[in-house]
Amino acid sequence: MSGGPYNYSYIFKYIIIGDMGVGKSCLLHQFTEKKFMADCPHTIGVEFGTRIIDVCGQKIKLQIWDTAGQERFRAVTRSYYRGAAGALMVYDITRRSTYNHLSSWLTDTRNLTNPSTVIFLIGNKCDLEAQRDVTYEEASKFAEENGLMFVEASAKTGDNVEEAFLETAKKIYQSIQDGRLDLNAAESGVQHKPSTPGRNNLSSDNQGSKDNCSC
Amino acid sequence: MACFWLNSQETRVKIPITEEQENTVFYIIQVFVGEIYWSVKHRYNDFYELNTKLVNDHGVAKDILPCKKLLRSKCPEFIENRRHGLEIYLQKVLKFLKLAMPRVFLEFLDFHLYDVYFILQSLALKFYSEADSYLSSAKTYNFTTLEVHAITKCCNTPLPAENTSDKRYDLTHVFDFSSQLNILYINGISGTYLRSIIKPNELMYDFKVFKKVNTLSLNEVCLESIKDLGQLRTTLKNLTIIKSNMTSLCQILQCDVLHKYTFDNAQVWNALTVMDLSSNCLTDIDPTISLTPNLEVLILDQNRFSSIPNLLQLEKLTRLSMCSNLITTCQEIHLRLGNIQHLNLSQNSITSLVGFSKLYSLVSLNLTANNIHDIEEIKYLSQLPCLEDLKLTGNNVSTIVDYRVKVLEYFGTRAEEICLDNEQPLQPELDKVSIRRALKILKEGSTPAILNTR
Ligand SMILES: Nc1nc2c(ncn2[C@@H]2O[C@H](COP(=O)(O)OP(=O)(O)OP(=O)(O)O)[C@@H](O)[C@H]2O)c(=O)[nH]1
Ligand SMILES: [Mg+2]
């Protein structure tokens, strides 16, 4: 196969969740378009974005569902949790209430996804240091207690945005390699490229990849 | 449109009647989902095949289908009994399979044609295997209004994002594909859809998932059903809206704005260079045209214009087509069109060319099938320095004796550069033109200027 844009070996499905206005859509936009949207309208229901990334020499396509934070769309957005391989849970470091709601977001995620789903906590808007309402230490402790990965990021400056999406993918990829994540399970949120539906056997894919993988 | 997952409590099946066709009895099934219903017909044998699959793969009880009987199967009482039996059969199966809705069963009842979720599943299956071949070439796809409505609805309605364990039917394939399209065609379906009461053109849709579309073509749609086209303002380069009863430009350029004629910089369609609004009901161009300052090509064929509209605000416009309108007079068009190079006014009722005399940038002019009678009219074109391509067929003037020579004569020394009615002038024609010009000069007694002798 040639290295065109359609050559990738896996699809990982992500969801982005969190209170309204914390910057979920901006994070997605920053990640897919490398731009900041200063006046982004509230998401109605769900939105969608994709990007192909490189993890350990493997091309992986991320299919990302950006959900609405508004309470009235909760029923819509809940139906997108199932089958997510990664969940980015976002709060706004300048608004304590968005941090306080994390435990209910986490409960939803744990209930609606499967045990191998990687949950990544993002404290967004870290460019607004002066208005900080939640300390790094506090959030970091919360993440540790709940077994989440964590960074503070800014959709505005782009700080740590790539990292959050890529680290999540690495973790998922590791789970596949360790055999913790079953590719054939309906809810794994991971697939082989659609045009090669027969290739559900991991070993055949790995033969070509290099061993100097850092993850 | 039907939405089974939101209305599974209000979903019913009936078999009210039967129908005989070429010696075969068909049972007409009616499916009701909320306020929507449709019909689908099957023979007994179809039921039998369905039942075999349902019994084998989906745990449906063996003995609920009315049994196969070969004798007397045309007798009305027998058919009536069987109709009743099959109705009860379907009702039982629906109740039993309501949560799973296996593909064989929903396709038997045509859910995949009328239901938001199952239409999307069919699309998902298609894109699962074919998306790459579409996306690696032109990145173009034809959707129906029904399908784009289903996509829109799916983003705003609590549907099970993944209800089968079969990844081929995962709706994400549809969104992934849609988000990468560059060229999007949406085709309306007028009236009711197939055997349902669904009116596809009345269904709302938006463009939220079509993030990378730069070329949009809407064909026979209802403009009132479009939500939020404005999202494409900064990216859309090429817009086509045909056969959609458009009466005013603001319907589309300001579709998401309440006060249509108050503009704001944020509402400019900056990237738009080509717009085709053929086969609508336009009679004039409203002031919203100033929201498309970069337009280069404008096509207004088959509308109801009675004159050429004022397009001076379109500084970059080089090509205008207004075939098959109701244009009779064209006065001082240079005050309306500015720097136009290609003008197609075929199939109108234009009688005089006086208004064209100052369109100095004009390179091609198509006046096929108008009402130009008098050869004298051509003199108004004779001073256009760039004109190279002129079409006059289908006018009375083109039937007079020596028509080509007479027309070419008006262009004097430039006659050889004029392609008339798709034909370059032939040498004998040019010779005749030269002779006629020489004679004329002699007759009028003026000194021959630089006479074109070749
Ligand atoms: N300063 C700063 N502002 C941000 C950042 N991220 C988002 N914003 C702003 O926060 C507001 C809300 O951002 P959105 O991305 O729309 O929030 P959301 O989480 O998608 O909101 P819903 O769709 O309603 O759930 C916008 O006005 C953004 O401009 C950031 O990193 N820094
Ligand atoms: Mg949003």
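In the predicted model, B:N366 is placed opposite B:K391, a residue of strand β13 of chain B. The two strands concerned, β12 (residues 364-366) and β13 (residues 389-391) of chain B, run parallel and are joined by 3 bridges. Both belong to an open sheet of 11 strands in chain B, whose order is β4-β5-β6-β7-β8-β9-β10-β11-β12-β13-β14 and whose pairing is parallel. The edges of this sheet are formed by β4 (140-144) and β14 (419-420) of chain B, each of which has a single partner strand, so that one side of each is left without a neighbour in the sheet. Helix α6 of chain B packs on the sheet through contacts with β4 and β5 (183-187) of chain B, and the direction of the helix makes about 90° with that of β4(B).

A further open sheet in chain B consists of 3 strands in the order β1-β2-β3, with antiparallel pairing. From one strand to the next, the twist averages 25°. Strand β2 (residues 24-33) of chain B pairs with β3(B) in the antiparallel sense over 8 bridges, and within this pairing B:V33 stands opposite B:I36. Helix α1 (residues 44-58) of chain B packs on the sheet, where it touches β1, β2 and β3 of chain B, with its direction at about 95° to that of β3(B). Helix α2 (residues 76-97) of chain B, in turn, lies across β1 and β2 of chain B and runs at about 150° to β1(B).

In chain A, strand β5 (residues 118-124) and strand β6 run parallel and are joined by 4 bridges, with A:I122 standing opposite A:V151 of β6(A).

The largest pocket has a volume of about 1,500 Å³. Its lining comprises 50 residues, of which A:M37, A:E47, B:K208, B:K211 and B:Q231 lie nearest the centre of the pocket. At least two lining residues each are supplied by α1 (24-33), β2 (46-55) and β3 (58-67) of chain A and by α6 (145-156) and α7 (172-180) of chain B; β2(A) gives the most, with 6 residues. By class, the lining of this pocket has 17 nonpolar, 16 polar and 17 charged residues.

Note on methods: Residues are numbered from 1 along each chain as its sequence is written. Chains are lettered from A and ligands numbered from 1 in the order in which they are written. This is a predicted model: local features need pLDDT of at least 70, side-chain atom pairs count only at pLDDT 80 or more; totals for chains, interfaces and linings use all residues. Side-chain values use heavy atoms; hydrogens and water are left out. On a 1 Å grid over the protein atoms alone, a cavity is a set of points where a 1.4 Å probe fits but cannot get out, and a pocket is an open set with protein on both sides within 12 Å along at least five of seven lines; lining residues have an atom within 4 Å of a point. Grid points are joined across faces, edges and corners, and a volume is the space filled by probe spheres set on the points. Ala, Val, Leu, Ile, Met, Phe, Trp, Tyr, Cys and Pro count as nonpolar, Asp, Glu, Lys and Arg as charged, and the others, Gly among them, as polar. Two strands pair if DSSP finds at least two bridges between them. Contact means heavy atoms within 4.5 Å. Axes are lines fitted to C-alpha atoms, for helices over the stretch in contact, and angles run from 0 to 180 degrees between N-to-C directions.
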